[in-house]
Structures are given as C-alpha cells and as structure tokens.
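Thanks for coming, everyone. Please take a look at the screen before I start.

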Amino acid sequence: MEPTRPVRGQDADALARLHAAGVVPVIVIDDVAAARPLADLLAGAGLDCVEITLRTEAAPSALRAVAERGDLLVGAGTVLEPDDVERCVDAGARFIVSPGLDPQVVERCQSLGVTVLPGVATASELLCARRRGLRAVKFFPAEPAGGLPALTALAAAVPDLRFMPTGGVGPDNLRRYLREPAVLAVGGSWMAPRDLLAARDWSEIGARCAHAAGVAAESGSRAG
Ligand SMILES: O=C(O)C(=O)C[C@H](O)[C@H](O)COP(=O)(O)O
C-alpha cells in the first residue's frame with residue numbers, strides 16, 4: 001500500500017496503522033464496564049487497532065471509553081446509517097466499517113474526513129468503492145464469499161485497492177490471509193468473542209490476542 005497518498009475519505013495514518021497492526025479484533029460488547037480492561041489487554045498484547053460494532057446498546061459508550069485512552073486506533077463496525085457516522089466520530093471513532101457499500105454512509109464519512117471501509121464481496125462493489133475514491137475496503141463475509149481465492153482474484157483485477165477480510169477468519173487461516181499482499185489487515189471476532197467478554201475470561205482473550213499479534217508480527221513487514 002501507499003500510505004502517504006492522499007485519499008478522499010481514507011486517512012493515510014489510519015490505514016497505515018491498520019496495516020501495521022495486521023489484525024483487528026471485532027468486538028460485540030454488552031457491558032461498557034468491560035471496555036477498559038479489554039483495551040488494556042489489547043494494548044498489552046500489542047494490538048493497536050480495534051473495531052467496536054454497533055450491535056449493542058453499550059457500543060457507543062464502550063467506543064468512547066476505549067478512544068479516551070488515546071493510544072488505540074478505535075473504529076466503529078456495523079455502521080448501517082449515515083447518522084451513526086457522526087455519533088461514532090463524536091465518540092472517537094477513527095475508522096468506520098460497514099457490512100456493505102451504502103453510498104450514503106460512504107459519503108457521510110467522506111464529508112467528515114473519517115476513514116471508511118465499506119464491505120464488498122463482488123467486483124462490481126469493488127469498482128463502486130474505487131469510483132468513490134476509496135483505496136481500501138472490507139471483504140465481507142470473507143470465507144462464505146470465496147475466501148482467499150476470491151480475494152486474490154478480485155485483487156488481481158483491481159490492483160490499487162487493499163482489503164480487510166472479515167467473516168470466518170480465525171487462527172487456522174489468519175496466516176494465509178496475512179501473506180497476501182493485497183490484505184491491509186484481517187478483522188475478526190475470534191480474539192475477543194462476545195461470550196468470552198461476557199464471562200470476563202481475560203486469560204483466554206489475552207492468549208488469543210497474543211497469538212494473533214504474534215502471527216501478524218511474523219507476516220511480512222508488519223510492526224510487532
Ligand atoms: O459488517 C460488520 O460491520 C460486522 O459487524 C460483521 C463482523 O465484522 C463479522 O460478523 C465478524 O465475523 P466473524 O469474525 O466471523 O465473527
């Protein structure tokens with residue numbers, strides 16, 4: 001990737017940090033009180049970026065709590081409505097992720113200057129993202145949509161875009177995705193899944209995060 005190229009709606013610093021992190025835990029959080037210990041754990045494991053999905057009532061407050069630390073790059077996921085973009089940016093989100101490419105969500109992000117990673121699963125959606133000036137997208141749902149073979153085929157046809165595959169990625173296939181040069185970073189819930197978060201199983205979450213960070217550090221020139 002070329003992190004210094006100015007790209008409308010995608011701030012180079014955020015993209016560079018996502019690329020350096022390599023893995024992005026996707027969080028579904030039910031209790032805002034779990035946000036700070038989770039953030040401590042992510043930072044301790046060397047994971048610099050986190051996506052908090054707007055799937056729960058606690059999500060906006062959790063996002064704010066993690067963003068207030070100042071050291072982690074926090075994004076909002078499952079952003080379905082343009083008005084959610086403002087809410088998330090106001091809470092401290094530095095990137096916005098959506099399961100699909102909704103032009104209104106993308107435009108709102110671009111008008112606010114926040115990085116947006118809309119979900120794409122087809123070449124047509126990829127071209128729509130490219131037409132809007134984007135240079136990175138979420139590939140979703142990665143495994144059901146064809147996995148790494150589909151991603152590499154899309155990347156070969158549209159070589160100036162980078163992908164954040166998410167959906168069905170985990171410890172068994174993480175390494176393979178990270179070896180693909182078109183992959184900006186890999187997203188997934190396996191590092192801190194909802195049930196382990198609810199159970200406050202910090203030791204298991206910590207072990208999964210440390211493993212993912214280790215795999216990311218081994219892959220290519222990513223930061224450790
Ligand atoms: O599109 C969004 O905004 C989402 O929130 C979707 C999530 O990124 C995936 O559902 C995570 O997939 P798994 O890692 O397989 O659990």
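**A walk through the model**

Let's start at Val116, which lies in strand β5, residues 115-117. Strands here are DSSP runs of E, at least two residues long, and helices are runs of H or I, at least four; both are numbered from the N terminus. Two quick notes on the source. Residues are numbered from 1 along each chain as its sequence is written. This is a predicted model, where local features need pLDDT of at least 70, side-chain atom pairs count only at pLDDT 80 or more, and totals for chains, interfaces and linings use all residues.

Is Val116 buried or exposed? Val116 counts as buried, because 29 C-beta neighbours sit inside 10 Å. The cut-offs: buried takes 20 or more other C-beta atoms within 10 Å, exposed takes 12 or fewer, and partly exposed is in between, with C-beta atoms placed from the backbone.

From Val116, go to Lys138. The two are 22 residues apart in sequence, and their C-alpha atoms are 9.2 Å apart in space. Lys138 takes us to β7. Both faces of this strand are covered. Ala136 and Lys138 are buried on one side, Val137 and Phe139 on the other.

Now the sheet. It is open, with 3 parallel-paired strands in the order β6-β7-β8. Pairing means that DSSP finds at least two bridges between two strands. β6 (119-120) and β8 (162-165) are at the edges with a single partner strand each, so one side of each has no neighbour in the sheet. β6 and β7 (residues 136-139) run parallel and are joined by 2 bridges. Opposite Gly119 stands Lys138 of β7.

Pro141 sits in the loop between β7 and α7 (147-157).

Most residues other than glycine have a negative phi, and most peptide bonds are trans. Thr78 has a phi near 55 degrees, a positive value. Its place is the loop between β3 (73-77) and α4. Thr78 counts as partly exposed because it has 18 C-beta neighbours inside 10 Å. Arg200 is not a glycine either, and its phi is positive at about 50 degrees. Arg200 is in the loop between α9 and α10. With 13 other C-beta atoms within 10 Å, Arg200 is partly exposed.

On to helices. How do α3 and α4 cross? The axes of α3 (residues 59-67) and α4 (residues 82-91) come within 8 Å and cross at roughly 35 degrees. Axes are lines fitted to C-alpha atoms, for helices over the stretch in contact; angles run from 0 to 180 degrees between N-to-C directions. Pro60, Leu63, Arg64 and Ala67 of α3 meet Arg87, Cys88 and Ala91 of α4. Contact means C-beta atoms, placed from the backbone, within 7 Å.

Last stop: α10, residues 202-218. Its buried residues are Ile205, Arg208, Cys209, Ala212, Ala213 and Ala216. They cover an arc of only 130 degrees around the axis, so they are on the same side of α10. The arc is that of the directions from the helix axis to the C-beta atoms. Among the elements covering these residues are α1 (12-21), β1 (23-27) and α2 (35-45).

How values were computed
Contact = placed C-beta atoms within 7 Å.
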